Amino acid sequence: MGQSENEQARAHPDGSGRFPPGQRAQRGWPVLHYGPVPRFKPLSWDFQIFGATASGEKYSWNHEQFTALPRSTVTADFHCVTRFTMLGSRWGGIAATTLLALAPPAPEVTHVMAWAEYGYSANLRLADFADASTVFATHRNGDPLTAEHGFPVRLVAPMLYAWKGPKWVRAIEYMTADRRGFWEERGYHNLGDPWSEQRYSYQEEPGDGPEP
Ligand SMILES: Nc1nc2c(c(=O)[nH]1)N[C@H]1C(S)=C(S)[C@@H](COP(=O)(O)O)O[C@H]1N2
Ligand SMILES: [Mo]
């Protein structure tokens, strides 16, 4: 794979080969999503960063530019809220920290919304997004993602349940207040930490998120 590949085995509690409470092993890699698989259109595809950027500008990369950004590899586990865990994937792609450096957020930014094709979205705390293990993955275990797993790019935030990682991701919105994403509006927990089993919005404590 990439040019300046930067190995990051064991970022965070993930990649540790441990199971969060209520999770079990999964052989293989299931396909799970809401709605149809989008068709990749290389000429019109772009990746944007918008919202509260430090410069006030919007950033945009076409596919060639995006895939030419400096690459990283993260080894991490993958936890779906439906209780399967897939251990030890090597995700290759562009680290969130790389994009944060290229498109700095304004100082007031506390959260991001990751936007995907067809309006799928997921909100993340800036601290989770900025973690060294958060990656815009183009590859898993050295192979390019297939269409159903998110080609050309998906977000992987391994410290959170996998719904927080949109497949077919197209944009990041910098936000100065929290706002619920697609599943967070539909009964799933605003934060989604698998280690404290934050599965459903009825489990939320005051301060965990905006009103459902
Ligand atoms: N765009 C999009 N991304 C998505 C979803 C979705 O419905 N749409 N589902 C999420 C959920 S719930 C999970 S568990 C993972 C599944 O990824 P996989 O199909 O590659 O296993 O994708 C996440 N990303
Ligand atoms: Mo999931």
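I searched on a 1 Å grid over the protein atoms alone, where a cavity is a set of points that a 1.4 Å probe fits but cannot leave, a pocket is an open set with protein on both sides within 12 Å along at least five of seven lines, and lining residues have an atom within 4 Å of a point. The model is predicted, so I note that local features need pLDDT of at least 70 and side-chain atom pairs pLDDT 80 or more, while totals for chains, interfaces and linings use all residues. Residues count from 1 along each chain as written, chains are lettered from A and ligands numbered from 1 in the order written, and side-chain values use heavy atoms without hydrogens or water.

Entry on the largest cavity. I found 13 residues lining the largest cavity, with Phe78, Val156, Ala157, Leu160 and Ala162 nearest its centre. The elements giving two or more residues to this lining are β5 (72-79) and β11 (154-156), strands being DSSP runs of E of at least two residues, numbered from the N terminus.

Entry on ligand 1. I looked up where ligand 1 sits, and it is in the largest pocket, the test being that more than half of its atoms lie within 2 Å of the grid points. Of the 18 residues around ligand 1 (a heavy atom within 4 Å), Pro30, Tyr34, His149, Arg154 and Lys167 come nearest.

For polar contacts, pairs of N or O atoms within 3.5 Å, I noted an oxygen of ligand 1 at 2.7 Å from a polar backbone atom of Tyr34, and a nitrogen of ligand 1 at 2.9 Å from a polar backbone atom of Gly165.

Technical notes. Helix = DSSP H or I, 4+ residues; strand = E, 2+ residues; numbered from the N terminus. Polar contact = N/O pair within 3.5 Å; in protein donor to acceptor, adjacent residues only side chain to side chain.
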